[in-house]
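Open the model in the viewer and keep the selection panel at hand. The stops below go from one chain to the other.

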Amino acid sequence: MPKFLQHLVLVGLSIAALLTVRGAESYTIAVIPKGTTHEFWKSIHAGAIKAQRELTGQGTKVEIIWKGPLREDDRDQQIQVVENFMARHVSAIVLAPLDSQALVNPVHNAILAKVPVVVMDSDLKSDEYVSFVATDNYKGGQLAGEQMGKLLGGKGNVILLRYAVGSASTEARENGFLDVLKGKYPNIKIISSDQHAGATRESAYQTSQNILNRFGREVNGVFCPCEPPTIAMTKALRDIGLAGGKVKMIGFDAGSQSVLDMKNGDVQALAVQNPMLMGYLGVTTAVKHLRGEKVEKRIDTGVALVTPENMNEPEIKDLLYPPFDKYLK
Amino acid sequence: MTNPTVSRRLFNILGPFFGLVLVIGLFSLSPTVRPYFLTGANFKIILTQTVIVAIGTLGMTMIIVSGGIDLSVGSVVALTSVVGAISLVKGFSPLVAIFFTLAVGAGIGLINGLVIGGLRMMPFIVTLGMMGVARGTAKWLSGSQTVDSPKTPIIDNLMALSEPTRLFPFPRGVWIVVGLAIVMALVMRETVFGRYIFAIGANEAAARLSGIRVQLQKVLIYTVGGLFFGLAGLMQLSRLTLGDPTAAIGLELDIIAAVVIGGASLSGGTGSILGSMIGALIMAVLRNGSNQMGWPTYMQEIIIGVVIIFAVALDKLRR
């Protein structure tokens with residue numbers, strides 16, 4: 001009889017334990033991008049949904065609220081979204097801050113209100129967040145530098161067309177690129193590295209034309225640290241007949257135009273971030289933290305080097321053409 | 001004779017109030033959102049988020065009642081926030097930086113007023129031009145980049161949320177709005193300046209014929225309005241802790257919408273500070289609520305648009 005009672009108590013306890021675990025394992029996570037129309041953010045959204053489906057499959061109920069600022073690139077609007085979710089007491093917030101300073105106070109308040117925050121994509125001048133999930137841009141630049149060294153066989157003249165003044169992510173890429181060339185390939189000469197393309201495709205195109213006008217006869221390789229200058233520089237190279245591999249062109253990010261340019265042989269390599277993994281890891285890291293597991297303060301979502309040779313491999317294909325249909329209706 | 005006017009006035013005031021209650025009721029219907037939405041902490045957030053628009057509506061109500069419009073508000077807010085941040089970076093004391101911020105706002109208002117009053121030009125066109133001038137100047141002064149302002153408690157605390165889990169204490173900015181709203185309501189109703197504003201808006205020619213110096217009054221109206229927009233810029237600086245030349249794009253439309261929801265007519269002559277404040281609150285509640293409901297952004301835009309049209313339709317009905 002006592003034994004039977006013991007069993008009963010044990011069974012009862014384990015059911016209770018199971019119930020409480022099941023009860024606690026339900027999270028609402030607000031994912032806040034910088035905007036919602038750009039393809040990059042769609043990939044992050046898809047990654048967040050992927051995480052949600054996997055976690056739900058494992059018995060953890062996760063609800064994702066995907067919400068960008070009402071006006072894209074409006075810092076005040078993004079602050080409002082963070083505050084409103086803080087008041088809503090979501091389980092956690094995954095945030096891509098529009099500004100490294102303006103979002104510090106709202107994140108501080110959210111943490112005071114016991115809503116943990118995972119930061120993704122861009123850094124925040126704070127150390128209160130759970131984790132920073134983003135591309136290691138310096139590494140991405142190094143990867144591009146290595147490839148440039150290989151393509152040129154260790155010697156030649158290289159142009160670096162910078163993006164914009166004060167853009168931290170692209171500056172890290174530019175530094176990574178230059179450091180590798182200077183350190184490992186002493187016979188490669190950087191003939192221009194002080195020009196900025198500017199934020200629009202038009203300004204990038206004009207700058208590219210001006211640089212090529214000056215250095216077009218001696219240049220062997222070009223690196224551009226993000227999408228607008230990559231597309232513009234490739235176009236400028238094509239204009240003067242230096243595309244198609246005569247000048248080795250390495251770009252960053254996989255916009256659909258750049259991928260097309262690579263198919264046509266005008267781009268030799270693209271360093272590509274993994275926004276889908278960023279969205280995925282943003283959500284899973286938040287859930288891990290909520291479960292009380294320890295998480296890394298800095299999570300690198302990696303950069304892949306895409307070349308004409310590997311661009312048809314399935315893994316790379318997922319990077320170039322994110323499977324939106326599978327995750328976003 | 002008095003009865004219909006009393007009931008009409010009552011309706012004018014109660015109309016926007018009714019709208020506010022309706023909107024709050026709408027979001028309270030959802031059982032998942034209600035426990036968070038109807039809390040002191042959340043209303044503190046809503047009030048804080050209303051501050052910038054509310055200060056803007058103080059100036060805009062005056063301008064709209066006088067039969068004018070000011071489209072340059074968003075740009076002026078951005079410019080003054082940049083001016084404030086730059087003054088702080090250059091090492092001026094916070095009070096001097098606040099003075100510069102307000103002075104630039106009032107200065108732009110003065111220019112608007114002088115051109116509108118002096119050259120008798122359409123406010124729509126003049127302030128549309130100023131919208132570009134102020135935005136461009138903000139980008140020029142800041143080198144098209146945000147200007148991080150050094151830590152300045154006096155300014156930072158204006159909009160900083162402390163104790164995010166409780167209703168009180170309010171950020172100082174909320175109290176400033178309450179105080180200024182009372183002052184402006186009195187100015188509009190009890191002072192000669194205020195009555196002139198209504199007279200000009202109702203019938204400019206009649207106002208002129210009865211001896212009001214209409215052009216001078218217009219200069220005054222736009223200058224005081226600009227002062228409020230400069231104050232809104234100061235609040236923007238406090239909230240972002242930086243001066244942002246691209247901030248507040250389209251803010252003037254939110255402000256105009258709040259004034260119109262509050263019962264003012266774009267043809268001038270009617271409107272009230274209380275109504276405009278409630279209008280500003282309605283917009284903030286709508287935004288807060290639809291965030292918390294998880295409604296997509298496009299839904300919010302559509303709903304706010306519908307509310308504006310609805311408010312104006314209501315306005316037509318009660319005339």
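Predicted model: local features only at pLDDT ≥ 70, side-chain atom pairs only at ≥ 80, totals over all residues.

Residues are numbered from 1 along each chain as its sequence is written, and chains are lettered from A and ligands numbered from 1 in the order in which they are written.

Strand β5 (residues 131-134) of chain A runs parallel to β11(A), and three bridges join them. Strands (E, at least two residues) and helices (H or I, at least four) are DSSP runs, numbered from the N terminus.

Now show the whole sheet: six strands of chain A, open, with parallel pairing, in the order β2-β1-β3-β4-β5-β11. Its edge strands, β2 (61-66) and β11 (298-300), each pair on one side only; pairing takes at least two DSSP bridges between two strands.

Next, move to chain B and select helices α8 (residues 172-190) and α13 (residues 273-292), whose axes come within 9 Å and cross at roughly 145°. Axes are lines fitted to C-alpha atoms, for helices over the stretch in contact, and angles run from 0 to 180 degrees between N-to-C directions.

Last, select B:Y222 in helix α11 (residues 214-240) of chain B. Is B:Y222 buried or exposed? B:Y222 is buried, because 32 other C-beta atoms lie within 10 Å; the cut-off for buried is 20 or more, for exposed 12 or fewer, with partly exposed in between, and C-beta atoms are placed from the backbone. The C-alpha atom of B:M62, 160 residues away along the chain, is 8.6 Å from that of B:Y222.
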